[in-house]
Amino acid sequence: MKGLLIDNFYATLSNAKIFSVIVVLLGIFVVAMDNRIPSLIIGYMLLVIIGYSLNSIASIRKESVTKWSQYKLTTPIKRANIITSYFISLCLWLVIGIVFATIGVWLSVMLHGYPFDKNTDIFMLFVVGIGISLFMGAIFFPLFFIGGEERNEVFLVISLLCGVGGVMGITTLINNFFPEGMTCVQIILGGVLILACAVIAIVLSYPITVCVFRRKEY
Amino acid sequence: MDNILELNQICKTFSKSNFTLDNLSFSLPYGAIMGFVGENGAGKTTTIGCILNTIAKDKGTVKLFGKEMQDMDTDSREKIGVVYDGDNFPTYWTAKQLSHVMSGLYRQWDSALFQKYLEEFHLPAKQKIKQYSKGMTTKLAIAAALSHHPCLLILDEATSGLDPIVRDDILDVFLEFVQEENHSILLSSHITSDLERIADYITFIHNGKFIMTASKNELVYQYAVMRCRKSQFLAVDPADILAWRKRDFQIDVLVPNGKEAERKYKGVVIDHVSIDEMMLLFVKGEKR
C-alpha cells in the first residue's frame, strides 16, 4: 500500500505544485482584501477544497499513458489495494485542501473580522466543499474504470457536476424539510446530513469500483 | 523435470476483434530460457496477459511455481519480474522515485542492487524517465524487474527497437540471471537472432494457436528444410512434413529430422532451418 500511495503522490505532485502556487497567491489576495463582501472568501474556500480533490482524481489518467497501470497488476499487490490507494489519496488531498482553506479563512477573520451573518456559515462552506469533493470521487472512480481512460475528461466534468448537483439536491431537500428560518442546530444537522450522504456515497462507490476494476483487462 | 510455468488449454476470445487464443498449452522448466515466437497479432501478449492475470482467461489453467496464481497470491508475484515493450513506468518519474515506489510494493526490493544496475547500465538516477532514450528505458525496466530478486522473468518484446549493442548487453544480463538453477525466462520476441543466441526452448504460436515447442538443439541439429522440386515434393511422405511453402521454382518443406530425410529422400537439397524460416513456413506455408 505504501508504494501505491507514493505512486499516487508522484502522479499528483507536479499539478499540485502549480495549483498550490495559485492557491497561495490567491490566498494572499483574499486575505489582503477587505472581507465585508464574503464572496471572495467563499470562492477561495470552495476552490481550494474542491481543487485539490479534483487534481487528485484527475492524475489517475497520467498513469494510463504508459504501461504502468498494467505493470502494477504484476506486482505483489491485490487489485483492491490499487483502488483503496486512490480513495485514500483523494481523502489525503482533500485534507490538504481543508488545511489551506482553514488557514485562508482564519487569517482573513483575524485581519478583517467575521464576514458572515451566521456562525454556522463557515461550517456549511466546509460541508459544501467536502461534500462536493466526496460525491465527485464517488462518481468518478467507477466511471473511470467502466468507461476507460480516454473518456477521463468528460467523466471529470460529469463527476464535478454530480458532486455539485448532489450537494445542491440534498440542500434543497433539507430546506424543504425545515421551511422558514432554520435554527443553528437545524443548519448543523443539515450539514451533517450532507456530509453523511457524501460519506455514504464514497463508501458505496468503493466496492463498486473494486468490482469493476477486478474485471478490467490490460 | 519441474516446471516453473505451465499453461494448460488456455482459451481467450476477444469478440470485438474476433481473435481467439485457442487451447494454448506449453511449459517452461526451471533454469531455462524460452523464446516465445509468433507473428504480430499471434497472441503472444494475450498469452502473457493470461499468465500474469492482467487478462482474464476464458478457460484453462496457468500454474506458476506449481500453483494457479490468483489476485490474492501476492507471494507468487513477488517472485516474478516483468518487462513490457515501451514505457513500463510513468515518464514523470526519476529512477530514484521508481525505487521509492518499488520498495513500497516489493518486500524483497533491493535498493542497493537497483543502484548497482543503474550504474552498470549508465542510467542517471535523478533524470526524469521521459528524458531517457528507448534503450535506457528498457534497461531501467530490466533493472527494476531484477531488483526484487525474482525467479521468473517475463519479457514481452523487451528487446524490440533496441540497437544490437544494447541488446547484446541485455542478453548478457539474461544469461547471467539463468545461472541460478531455479531462475527462468519467458521471452517473447520478434528478433529471432536474440532467441537463437540465448533460448533453450522455442515455442511457436500462430494466429492464437499453439504450433510447437522445441529445444534449440533440436531446431539446430534435427529440424531441416528440404528444397524440393514438384516431383520430389509429391514423393515426400506426408507424415514427414511439418509445413511446406511453394516458392518460385521450389517447394520448401519443413521436416522434423533432417538426417532421416537425407537418408530417405536422395537427391533433395536439405538445409538447416533458422527460427525466422520456421516462422515463415508456419505462418505463410501450409501445414500437414
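Predicted model: local features only at pLDDT ≥ 70, side-chain atom pairs only at ≥ 80, totals over all residues.

Modeller: Let us begin with one pair: B:R167 forms a salt bridge with B:D194, with 3.0 Å between the closest N and O atoms. The term denotes a side-chain nitrogen of Lys or Arg within 4 Å of a carboxyl oxygen of Asp or Glu. The pair links distant parts of the chain, since B:R167 belongs to helix α6 (residues 164-177) of chain B and B:D194 to helix α7 (residues 192-198) of chain B, 27 residues apart. Helices here are DSSP runs of H or I with at least four residues, strands are E runs of at least two, and both are numbered from the N terminus.

Colleague: Are B:R167 and B:D194 buried or exposed?

Modeller: Buried means under 20% relative accessible area, exposed over 50%, and partly exposed in between (1.4 Å probe, protein chains only). Both B:R167 and B:D194 are buried.

Colleague: Which residue forms a salt bridge with B:R197?

Modeller: The partner of B:R197 is B:D168, and their closest N and O atoms are 2.5 Å apart. Because B:R197 lies in helix α7 of chain B and B:D168 in helix α6 of chain B, this pair ties together parts that are 29 residues apart in sequence. B:R197 is partly exposed at 34% relative accessibility, and B:D168 is partly exposed at 35%. Elsewhere, salt bridges that share partners join B:R227, B:R247, B:D252, B:D271 and B:E277 into one network.

Colleague: How many salt bridges does the structure hold over all chains?

Modeller: The total over all chains is 22. One of them joins the side chains of B:D71 and B:R77 at 3.8 Å, N to O. B:D71 is partly exposed, at 21% relative accessible area, whereas B:R77 is buried, at 1%.

Colleague: How many salt bridges does the rule find across the interface of chain B and chain A?

Modeller: The rule finds 1 salt bridge there. A:E217 forms a salt bridge with B:K12, the closest N and O atoms lying 2.7 Å apart.

Colleague: How many residues does each chain give to the contact?

Modeller: Contact means heavy atoms within 4.5 Å. Chain B gives 31 residues and chain A gives 27 residues. Buried area is the accessible area (1.4 Å probe) that two parts lose on being put together, summed over both. Between chain B and chain A it is about 2,700 Å², of which carbon and sulfur atoms give 60%. B:T54, B:Y92 and B:L105 supply 24% of the area that chain B buries against chain A, more than any other three residues.

Colleague: How many disulfides are counted over all chains?

Modeller: A disulfide is a covalent bond between the sulfur atoms of two cysteines. The rule requires a pair of cysteine sulfur atoms within 2.5 Å, and the count over all chains comes to 0. For A:C197, the nearest cysteine sulfur is that of A:C162, 15 Å away.

Conventions. Residues numbered from 1 in each chain as written. Chains lettered and ligands numbered in written order. Heavy atoms only, no water.
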